[in-house]
Every structure is written in structure tokens, then in C-alpha cells.
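Here is a friendly briefing to read with the sequence and the model side by side. Please look over the picture, then follow the points by topic.

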Amino acid sequence: MALGPCSEEIQKRRVELVENWSTHLDPLLELLFNVGTVTEEDLSFIRGGGGTGERDCLRTLLDVLEGRGEEACRAFLYVLSNVPPSSVIGGAALFPQNALKEHLQKHKDILAKQNGPASYLSIARRASRPAEVDSFTDISFTRHVGYLVPLQYQHEAAVVGDPFRAGRGEARRQGETCAFRNVYESLICASKNGVTLLSGVAGSGKTTVVRQLVQEWAADADSQKIVLSMSFRELNLITEPQSLQGLTSDHYSNLKPILPDLMTSNQSQILLILDGLDEFCFPLDFDRTPKCSDTERELSVGALVVNLIKGNLLPGSTILLTSRPHAVTKVPHLLVRQFYSVLGFSPAQQRQYFEQNCSSSQAAVAVWNFVSSHRPLQLMCHIPAFCWIVSTALHNGTSCLFYDTALIGATLQESRSGCAEAASGDKCYDQSLSEPNTWVANGLAAQSCSRPITVTEIYCCFLKSIVVFHVGGCVEGMHLNRLQDAPHVLKENRAKLRSIGALAFRGLVERRFLFDLSDLDSFSLESCKLSRAFMVEILKEDKASLTYEKSFHFIHTSVQEFLAALYYVLESFSGSDPFSGLKSKVGLLPPAVHKHLLTFVNKLRQPQHLLRRRVKKALHCGESHQSGHMDLFCRFVSGLLVPKTRFILDGLFSGEPRPRLPSCVPLPSTPFPFVLQLLRSQLHSSSLSPERQLNLCHCLYEAQDPELPLRLQRWLKVLSQQSSGQCDSLNRDWSELAFLLQLSPDLQQLNLDAQGLDAEGLRRLLPVLPLFSTLSVAQNPLGPEGAEVLSVALRSPDCQIERLWVVSTGLGCEGLKILTKGLKDNHTVFDLRMAINRIGDVGAASLADLLRTNRTLRDIRLRDNLVTDRGAELLMDALMENTTLQYLWLFDNKLSKECVQWLKEFSKSRSNLDIKEKINPFSATNALSCQKRRSLEDVDKQV
């Protein structure tokens with residue numbers, strides 16, 4: 001059936017009509033009903049019972065009109081022609097250009113004010129320095145086109161506690177690193193749209209990047225972008241379905257008059273920032289979520305986010321998502337246009353940060369000297385938030401671990417005789433908690449003892465510094481007096497710290513990072529008093545909430561995890577159950593009476609038994625949460641069980657020894673024996689995943705296990721024996737070896753020859769594999785799966801591998817093909833030894849393809865690999881293009897006399913190329929038998 005001219009016009013103008021008239025649906029339907037074009041039944045059908053958006057309703061109206069024929073379409077066009085032009089949305093008549101600019105400038109001013117430097121980037125700025133507007137310390141990034149799939153075993157908590165990857169191989173990353181300006185230009189200045197994903201560990205500076213991005217945009221008068229920024233923390237508060245236009249109108253009421261125009265005709269100018277994907281509590285189902293392109297249709301928050309990321313809502317706009325690494329996989333990789341990783345601070349940027357944020361230049365020098373002299377702390381300071389915590393902990397360049405190092409040195413001589421008497425009389429401290437402390441032997445040792453070493457000690461000093469110096473900073477000359485009063489101040493604030501710790505613990509268990517007034521009231525925390533206390537530097541009020549209600553969040557997630565651990569240990573020592581505060585307060589007895597009764601019953605039990613149960617339960621929490629969000633909590637609990645660490649917070653823990661001088665009273669540097677026994681027994685559990693094993697190693701480090709150096713020495717001794725007889729019993733401990741190797745960054749060679757190491761064990765060692773200049777994994781059953789792990793290590797931006805020896809590892813042609821993919825992106829390996837891997841001509845073809853582009857390799861050894869004349873020919877063709885390879889070893893392959901002669905002639909034609917070849921009179925089987933009779937050293941000489 002042929003369409004009339006009016007019907008054809010409606011079909012041609014369908015998109016335009018939906019764009020321009022959907023916001024005027026009600027008056028339009030009223031006019032059509034008055035002229036008889038639609039009936040009451042049509043109106044009911046078009047509106048769909050109120051469950052659809054206005055754009056969908058208008059599409060239904062057009063379908064109804066086309067079904068009714070030419071007359072209905074003609075009447076519709078007649079009605080449109082008689083509607084006043086000022087009603088047309090999207091035209092400039094509704095919003096003159098000057099008014100539009102005025103709204104956008106006001107929007108810029110509001111966003112710039114809301115997105116100033118984060119608190120931990122502006123706290124404790126030097127009073128003598130004039131206020132710096134929009135001051136941000138530079139942060140480093142890596143950029144990837146498309147989506148970088150994170151390895152599931154590269155756990156974010158392990159990266160936070162494993163700082164040894166930062167700063168290594170920095171020169172190797174120059175081609176991949178970028179600065180903030182590159183990120184800004186790609187999002188604000190470039191015309192490309194789509195989803196950009198910014199990933200970084202907790203405290204690496206993701207939110208700071210967002211703030212700086214908004215600041216730069218607000219100051220750029222020529223920018224054509226319109227930035228809309230929201231956090232997933234705020235989106236978590238929305239429980240009712242809402243439209244995108246309604247959501248943004250609530251969040252940006254100043255843009256309400258022009259939002260419909262922005263979302264219809266200016267979508268390509270919109271940059272939507274969604275910060276904190278890892279904190280989003282609603283599911284994201286990209287397969288089953290219904291498609292929606294109507295900005296006025298009400299959807300659940302999860303469905304809104306899915307349709308935004310898929311480009312159904314606001315097509316043509318640019319979207320920036322920030323996330324911690326473990327949540328990156330929530331977004332399908334095909335939907336991500338570009339991927340940025342936040343590297344954090346380089347050493348130079350760390351020093352710059354301390355210079356900008358310490359109270360004086362002398363304090364900045366003292367803090368930097370301390371940090372740079374402790375490599376683990378310096379490497380962990382690539383996380384900006386940790387830099388802030390360190391600078392706060394080391395107040396005025398000293399630590400709060402003990403009263404003051406100067407006081408210790410001044411009184412050391414005076415106290416020697418008293419200490420000697422105390423040592424002989426056993427009256428100076430509780431025998432049940434005493435053990436020799438070799439650190440405190442003289443003034444120098446006492447000074448080193450006064451500095452925090454573990455992460456837990458740093459956070460203890462941080463909290464103590466906040467408590468002691470929160471009121472207007474420290475007045476010159478009052479530092480010592482305040483430290484002497486610290487136990488009294490801590491004791492006074494014990495109840496408040498316990499309450500805020502309980503809040504942190506509940507949020508950690510429930511995976512909540514945002515709290516409202518009812519949460520504070522449930523722990524007797526009054527916000528009006530809270531804002532006047534030192535807690536203002538720990539628990540911050542969220543001023544940009546979609547619900548217009550007060551909400552609070554901890555200034556950093558690691559601070560929440562530390563306070564949760566502090567609460568857990570305080571409750572455990574007092575005999576209470578830390579989980580009791582999370583349970584429903586329903587029972588026969590009032591909550592207060594029930595708690596006192598429970599505490600009394602617990603005191604009747606053996607304290608050691610109760611404490612052991614609490615510690616075991618805490619570690620079980622970390623083990624049961626595979627996402628790892630409890631990992632830092634477990635480390636802090638382990639660290640707080642060390643008496644020497646708890647002494648930093650002297651006054652919080654009742655019943656602890658309170659010696660006047662630490663040099664006189666050596667405190668134990670290890671926790672209760674059962675704690676180390678429990679951690680060690682769990683470490684060797686065969687049911688633990690590599691991530692949990694690695695975290696247990698960190699727990700042992702925080703617990704200051706004295707056996708850690710000995711365990712590394714035992715490992716190195718086992719590796720030097722090259723005996724595969726112990727491989728089965730050691731295979732589950734490769735994660736432990738990886739951690740221990742990180743504690744010895746000076747090791748340059750890793751020899752894992754003949755250890756029965758399989759692909760799974762190699763996978764557990766992946767965090768440290770790139771850090772060695774020589775990596776030898778010969779005579780291990782790695783296969784193609786192991787080649788995949790090695791390929792990842794070779795592509796690491798921190799890769800330091802120069803010599804890669806994979807002799808007799810069962811790679812085969814498939815494994816070599818995988819390995820060459822990693823070598824194509826690698827620019828460090830120059831010595832590749834891979835004899836006895838049966839790669840054949842197919843593997844030789846993969847290697848030839850690599851040689852056409854690789855200009856780093858100098859020495860390749862392919863003895864006994866079943867390479868025939870065809871494989872040799874492929875290699876020679878590649879060497880016509882490659883002029884940097886110097887040695888090619890082809891002994892014991894299936895080469896004919898003619899091929900050997902040809903190889904010799906080819907080698908003579910190249911002065912810088914030496915090809916080692918000869919005819920193999922034996923079969924491959926005989927060659928393998930000969931290999932078994934030779935030691936690995938002989939193999940290295942002959943390959």
C-alpha cells in the first residue's frame with residue numbers, strides 16, 4: 001500500500017520530531033484529542049500506563065498516526081504548524097546564546113569550588129607560604145589504547161602492600177608513560193567520544209585527577225566541553241527508579257533550565273565523570289539490561305549506568321570512569337576506548353610533595369631523608385595518600401613512636417644504672433610480655449628504634465599525630481610537651497576512637513564507604529561535636545549529595561581499614577566480641593545489659609583462648625572475601641598485636657605496660673607466639689589461593705616475624721640445590737617466595753632451574769619475575785601455559801629481564817609463539833636460551849617473525865629443537881632484515897649438509913653474525929638422553 005505525502009513526511013522527520021517534541025507531549029496530545037485525531041483509548045495506549053518515557057510515548061504516537069492513515073497524519077502536521085515556534089525545544093529561541101553562556105559559566109564556578117584539592121593534598125601546608133590556588137602535585141600515568149584486562153592474580157591489595165614494582169625500570173617506561181596534560185587533552189580537547197577507564201589502587205590519586213581535571217576545565221575559557229561529575233558513592237543512595245534527566249537536574253539544579261537542550265542537541269559536548277566504580281553496590285548486567293535511549297525514562301540506577309556505558313543514553317558523549325583494579329572487569333572490554341593506569345608519584349614527585357606539604361623546609365628535608373633511607377617506605381610512597389599519611393605521622397620530621405628521640409638520647413646515660421638494676425630485679429616490666437630487644441643497645445639504636453618501619457606503625461603514628469597536634473598545629477617548642485601528654489590525650493579520646501572504629505568496622509564488613517547521620521547516631525557520634533574535634537581530619541562531611549542529606553566518609557579507605565582493625569583489637573583485648581555491634585539488637589535483655597553480661601562471661605574464660613579466637617576470626621574474614629577488601633584490615637590486625645607497635649598508642653590499650661623510657665624497657669617486637677603460629681600454619685595451607693597466601697606474608701611482615709630473613713635464606717639454599725625431589729612440597733609456597741624476594745631488592749639473578757616449577761607456580765611468582773636481570777627457569781615443566789606467564793612478565797612496564805633462559809621447559813611451537821608475542825613488546829632481553837624445546841619449523845617461523853621487528857636480541861640459542869632446512873631458511877630470510885643479532889646457535893637440529901654449508905656462507909657474509917651449526921648424527925631421543933647425563937652448567941656451555 002502506497003504512503004501518502006503526509007505519512008512519508010512523518011517518516012522522514014521521525015527522528016527530528018522525537019527530539020524536538022517529546023518534552024511537549026501532553027499539550028500535543030491534548031490538541032490532537034480536541035481535533036479528534038486520537039481517541040481516549042489511543043491516549044491510554046500511547047502513555048502506556050505511565051511506565052514509559054516521553055520519547056517512547058511520542059514514538060508510539062507516530063506509530064498510531066501512521067496506522068490511522070493519511071488523514072490523521074495530515075491533521076498532526078496541521079497541529080504542529082499552528083504551535084508557537086517558541087515551544088520548540090532545541091531551538092535557540094528558548095535559550096539565547098548569552099543566557100546559555102551565563103548558565104555554563106555559573107556551572108563552571110560551582111564545580112571548581114566543589115573540586116578543590118583533596119584534603120590530604122592541602123592539609124598542613126606551610127604557614128609561611130602564601131595560599132596556592134588550585135595546587136596539585138603532578139602524578140604519572142600509563143596509557144593504553146583500548147582495554148587492558150587486569151590479571152586476576154595481580155590483586156590490588158597486594159599492589160598496595162607491595163611497593164617494590166614502583167620505581168623499578170622507570171627508564172623502560174618512557175614510551176608508555178604520560179602526564180596529566182595528556183589525559184586532559186584526550187578528554188577535554190579531543191573530539192573522540194566513548195568510554196575512558198582510569199584505574200589505580202586506593203590512594204593513588206584517581207579522585208585527585210578528577211578534581212584537577214575539573215579545575216583545569218573551569219579555568220579554560222575556550223573549552224567547548226560541558227563537564228558533569230558524579231560519584232558512585234552518591235548513586236548508591238538512590239533506591240528509587242529515576243530518569244537521567246531527573247538525576248542530573250537534582251544533582252545540578254543550576255543547569256535545570258538548559259539540561260533538556262544539552263541532552264538532545266549537544267550530547268557530543270558532554271563529558272560525564274563517574275568516580276569510584278569499585279564502590280558501586282548495584283549490579284551491572286550488560287547482557288540482560290533493557291536498552292533505553294530516552295533520557296526522561298525512569299530506570300534503576302544500575303540500568304542507567306549500563307545504558308550510559310553502552311552508549312544508548314547520551315550517544316556521542318564522553319564518559320570517564322574511575323575504579324580500583326579489582327572492579328575494572330565490571331565493564332566489558334569492548335566498550336572501553338582507552339585505558340589509563342595511575343602510577344602515582346615518582347621519587348622526584350614524592351620529594352616535591354613533602355616540600356609542599358610539610359610545615360617547614362627543615363621538616364620536609366627530615367621527612368624525605370627518613371623515607372628515602374627506608375626503601376620499602378619510599379616505594380610505597382608512590383601512592384599519594386600514603387605520602388600524606390607519612391608526612392602526618394612524621395610530624396615536624398620526627399616520629400611519634402616514642403616521646404622523642406632527643407629525650408631518649410639525653411636520658412640514656414642517666415638511666416643505665418636503673419635499667420641494670422631493673423634487669424637484675426625483674427621489676428622494670430611485666431615478665432609475661434618481656435623479651436630481649438637488641439635494637440636498643442645504644443643511643444643510635446634507640447634513635448632507629450624510634451622510627452616506624454612497618455605500615456601499621458606508620459598508621460599508628462599518623463593517628464597519634466592527629467590526636468596530639470590537631471588543634472592549629474604544633475607551636476614551636478611545644479612538641480616534646482605534647483608528646484609527653486599523648487597517653488593522657490589518647491586515654492581521654494578512647495571512647496570516641498572506639499566508636500569511630502566501630503563505624504569503620506561495620507562499613508568495612510558491609511562494604512560501605514558512605515555513612516549518614518543515623519549511622520553516626522547508632523555509635524553515639526554526634527556530628528556537631530565531631531566537627532569540632534580532631535576527627536574532622538579523619539571523617540569528612542560529604543557536601544555534594546544527591547539526597548540533600550548530610551553524609552560522611554573517611555578521608556581514605558586505608559584509614560577506615562586501620563581504624564576498623566584498631567577497634568577489632570581493642571574489643572578483643574577487652575574480652576568483647578567485635579561483631580556484636582553488627583548484629584541486630586533484638587533479645588530479651590536491653591543491648592547495654594546484654595553487652596555487660598557478655599563481657600563478664602568472656603572474662604571468666606581464658607583471655608588467651610578468646611584472643612586466639614578473635615584473631616583467627618579476623619584472618620578468616622580476609623580469607624573468605626576473595627575481592628581482597630579485607631586484606632589491609634588483616635595486616636593491620638597482625639601489626640597491632642605487636643606490643644612494640646601498640647606502645648605507640650600508649651593510653652588506648654588498658655592493662656599494657658607503660659615504661660617511662662623505652663631504652664630502659666625493651667618491649668617485645670613480636671606478637672603473642674600463637675599469632676605467628678597461626679599465620680605460619682595458614683600460610684602453608686594447600687586450600688589457600690595465591691592472593692591469600694601473599695597477604696598472609698604481608699601479615700607476617702606486619703607482625704615482625706623474625707624468621708622472614710631466615711625463610712628467604714632457606715629458599716635460596718633450596719633453589720641452589722637444583723633438586724626436583726622437593727618440588728611437590730614446595731609448590732604451594734611459591735607465593736611466599738615471591739614476597740620474600742621483594743624484601744631483597746638487591747638480588748639481580750633468579751635461578752629456578754630444575755625445581756619442578758609448573759605454570760601455576762610461575763604464575764604465583766609473576767610479581768617479581770620482571771625485577772631480575774637474569775631469569776633462568778630451565779628444566780621445568782612450564783609448557784605453553786608457562787610461556788603465557790613469561791609473556792606477561794616480558795610486557796610489564798617494570799621489566800628488567802636481560803637474560804631469559806628457558807632450556808628444556810616443554811614450550812613447543814605453541815609456547816614459543818606465545819613467548820614471541822611478549823618479546824615483540826619487550827626491549828630489555830638480549831640473551832635468549834631455549835634449547836631442547838621441540839619448536840620445529842613452526843616455532844622457527846614465529847621466531848623469524850619476531851626477528852623482523854626486534855632489535856634488542858643479540859644471542860639466540862636453539863640447540864636440539866627439531867629445526868629442519870625449512871626452518872633455517874625462514875630464519876635466514878628474517879636475518880636479511882635484522883642486522884643486530886650477533887649469535888645464532890643451531891647445534892643438533894635436523895639440518896642437511898647443504899643447509900649447513902649455506903649457513904656458513906651466510907655467516908661469512910655478515911661480519912657481526914656468528915652462526916653455530918653442525919649436522920646432528922643422533923636422533924632427538926638420543927640427544928635428550930645425553931642431556932639427562934649432563935649437568936645444567938654443561939648445558940649452558942654447549943647451548
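Strand 15 (residues 859-861) and strand 16 (residues 887-889) pair in the parallel sense over 3 bridges; two strands count as paired if DSSP finds at least two bridges between them. Helices (H or I, at least four residues) and strands (E, at least two) are DSSP runs, numbered from the N terminus. The model is a predicted one, so local features need pLDDT of at least 70 and side-chain atom pairs count only at pLDDT 80 or more, while totals for chains, interfaces and linings use all residues. Residues are numbered from 1 along each chain as its sequence is written, and side-chain values use heavy atoms, with hydrogens and water left out.

**The parallel sheet**

**The chain as a whole**

- The protein chain holds 45 helices and 17 strands.
- Of its 943 residues, 56% are buried; buried means under 20% relative accessible area, exposed means over 50%, and partly exposed lies in between (1.4 Å probe, protein chains only).
- Taking contacts (heavy atoms within 4.5 Å) between residues at least 6 apart in sequence, 80% join residues at least 24 apart.

**Enclosed elements**

- Strand 7 (residues 336-344) has 7 of its 9 residues buried, so the strand is largely enclosed by the rest of the structure.
- Strand 7 also pairs with strand 3 (residues 194-199), in the parallel sense and over 5 bridges.
- Across that pairing, Val195 stands opposite Val336 of strand 7.
- Helix 19 (residues 384-393) is largely enclosed by the rest of the structure, because 10 of its 10 residues are buried.
- The buried residues of helix 19 include Phe386, Trp388, Ile389 and Val390, along with Cys387 and Ser391.

**Helix packing**

- Two packed helices are described by the angle between their axes and the distance between the axes.
- Axes here are lines fitted to C-alpha atoms, for helices over the stretch in contact, and angles run from 0 to 180 degrees between N-to-C directions.
- Helix 4 (residues 40-47) and helix 5 (residues 54-68) have axes that come within 8 Å and cross at roughly 140°.
- Helix 4 and helix 5 are therefore oblique to each other; angles under 35 degrees count as roughly parallel, over 145 as roughly antiparallel, 65 to 115 as roughly perpendicular, and the rest as oblique.
- Helix 4 passes helix 5 in a right-handed crossing; a crossing is right-handed if the near helix is turned clockwise from the far one by less than a right angle, and left-handed if anticlockwise.
- On the helix 4 side, Asp42, Phe45, Ile46 and Arg47 meet Cys57, Thr60, Leu61, Val64 and Arg68 of helix 5.
- Helix 10 (residues 180-189) packs against helix 11 (residues 206-219) at an angle of about 65°, and their axes are 11 Å apart.
- The crossing of helix 10 and helix 11 is right-handed as well.
- Phe180, Arg181, Tyr184, Leu187 and Ile188 of helix 10 make this contact with Val209, Gln212, Leu213, Glu216 and Trp217 of helix 11.

**Cysteines**

- The count of disulfides is 0, where a disulfide is a pair of cysteine sulfur atoms within 2.5 Å.
- Cys178 is buried, with a relative accessible area of 9%, whereas Cys281 is exposed at 52%.

**Residues worth a look**

- Arg233 sits in helix 12 (residues 232-235) and is buried, with a relative accessible area of 16%.
- Apart from neighbours within four places in sequence, Arg233 is in contact with Glu279, Phe513, Leu514, His553 and Thr557.
- Gln704 has a positive phi of about 55° although it is not a glycine.
- The loop between helix 34 (690-702) and helix 35 (708-721) holds Gln704, which is buried with a relative accessible area of 13%.
- Ser808, another residue other than glycine, has a positive phi near 55°.
- Ser808 lies in the loop between strand 13 (803-805) and helix 40 (812-824) and is partly exposed, with a relative accessible area of 24%.
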